[in-house]
Amino acid sequence: MSNDPVPPAAAWPVRRLRAGSPALKVLAIVLLTIAFLLPVFLVYDVIGEREDRYRSVVAEIGGSWGGPQRVTGPVLVVPFRVPSPPHPDGTAVPPMERQLVILPDRYEVEAKATPETRKRGLFETVVYTVDLALSGQFLIGDAAALAGPEATIDWAGATLYVGVADPRSIREGASLRWGGRDLPFQPGAPGELGQRFGAGMTLRVPGLSAASAQTAIPFSTTLRLNGSQRLDFLPLGRSTRVTASSNWPDPSFDGAFLPVRSSIGPQGFTAEWELSYFGRGYPQAWVGGEGDYLSAVSGSAFGVRFFQPVNAYQQTERSAKYGMLFIVFTFTLFFLFEAVARLRIHVFQYGLVGLSLCLFYLLLLSFAEQIGFAAAYGVGAAAVVAQIVLYCRPVLGTWKRSLVLGALLAILYGALYALMQLEDLALLLGSVGLFLALSGVMYVTRRIDWYAAAPTTPAAVPDSEPPAS
């Protein structure tokens, strides 16, 4: 047997990792942080479930009061007949029934909306009543030529169509003044117009003929509708002018066209659109069924949405996106306390503090449904910071360290709330804040001897005993 001296344990190439080594502790913290992705995702599920419930309640209220409205028309529909191709066996074939769709030459809309909030349980949405004044003129002109030289135009069967997205919400019986005569509307809609734009209302146009089609025919009507969330219009005229006003302070103008003039203030808004038919993708008249012009008409809608500032669910979801940042920040502070103050904090204690940070978002959501987001944020943040400070007093050894941790968490919660209020600058300020936080950690830890931070007890033993001499 060999009498060579036994080499020291430090010389063995394979050693066991010491139980208290910083590397092992960092690995455990990283794994714990990853594990907290699960409760954060569960919070997201709860937020999504409550938001889905909110949307269903909004739809129920809109179904009872009136949904988002879109005003279509008036549109003139003139039927005509054209000879059918002869049958191969010579049998007589009845003529084909077609329709001319004619839009107004000049089209003006004045809308005055009075919105209010309706609440069902914990949820609320915006509904409105709008008074509409539609006016303008039709100049049929050469539109009849679109029917073709062999067409027989049924001027007596001409109808005028006015559509709304939800005709159940029409508050009063309506009539239209046509060329000096008041004509009552009847419910219903002709052909594809009704299928695309809703049932709406129609009336039979009297006295229309090839001769009268060459002169401008004025029209005007008023409507009162119920609706919710938004109100849209269509640029049907060769020239279109729409004016909308309301006492709602938070409008959102969207769609194919934005207003040329608008004024928004605490007392409400006014907006004005002036449009030419050159800015849309369909003509003033066409034969029904030829070309998908109705899709182009739908795509040219514009209007106003009665915007509700970001609701509690959207704000809570935005807050929850920073959940992992809070956990990483707090765990980093704990680890620094361990390294600088030579403390020993168990992974289980890390986990309890992480659960407290996750619980903040459930507190925020549940309180926000009752007292609003701002107050709920303050209540939830104060409760979680107080809980962590009281728990960490014996863990960190002194009130001073625990209060420092609480103050840093309070600053972080305050910074997050400020970021959510500054949407345009959120990314810039958030990036700068993270840079400064990392710089602070680097400054505090710049002189730490991480090797000396490990326990001094022998922590390496060989995997097997050396051979006996």
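**Exercise 1.** Which side chain does E274 meet in a salt bridge? Work out where the two partners sit and how exposed they are.

*Solution.* Keep in mind that this is a predicted model.
- Step 1: E274 pairs with R261, with 2.7 Å from N to O.
- Step 2: Now place them. R261 belongs to strand β15 (residues 261-265) and E274 to strand β16 (residues 268-276), so the bridge ties together parts 13 residues apart in sequence.
- Step 3: Look for shared partners. Salt bridges join R241, R261, E272 and E274 into one network.

**Exercise 2.** Take the salt bridge between R238 and D105 and find out which parts of the chain it links.

*Solution.* 
- Step 1: The closest N and O atoms of R238 and D105 are 2.7 Å apart, which is within the 4 Å cut-off.
- Step 2: R238 is in the loop between β12 (230-233) and β13 (239-246), while D105 is in the loop between β2 (96-102) and β3 (106-120). That's a link between distant parts of the chain, 133 residues apart.
- Step 3: R238 is partly exposed at 35%, whereas D105 counts as buried at 16%.

**Exercise 3.** Identify the helices behind the nonpolar surface patch of about 660 Å².

*Solution.* 
- Step 1: List some members: L24, L27, I34 and F41 are among them.
- Step 2: α1 (22-35) and α2 (37-65) each supply at least two residues. The largest share, six residues, comes from α1.
- Step 3: L27 is in α1 and is partly exposed at 47%.

Conventions:
Residues are numbered from 1 along each chain as its sequence is written. This is a predicted model: local features need pLDDT of at least 70, side-chain atom pairs count only at pLDDT 80 or more; totals for chains, interfaces and linings use all residues. Side-chain values use heavy atoms; hydrogens and water are left out. Patches are made of residues with over 30% relative accessible area and no salt bridge: like charges are joined within 9 Å, nonpolar side chains (Val, Leu, Ile, Met, Phe, Trp, Tyr) within 5 Å. Accessible areas come from the Shrake-Rupley method with a 1.4 Å probe; for residues, only the protein chains shown count as cover. Helices (H or I, at least four residues) and strands (E, at least two) are DSSP runs, numbered from the N terminus. Buried means under 20% relative accessible area, exposed over 50%, partly exposed in between (1.4 Å probe, protein chains only).
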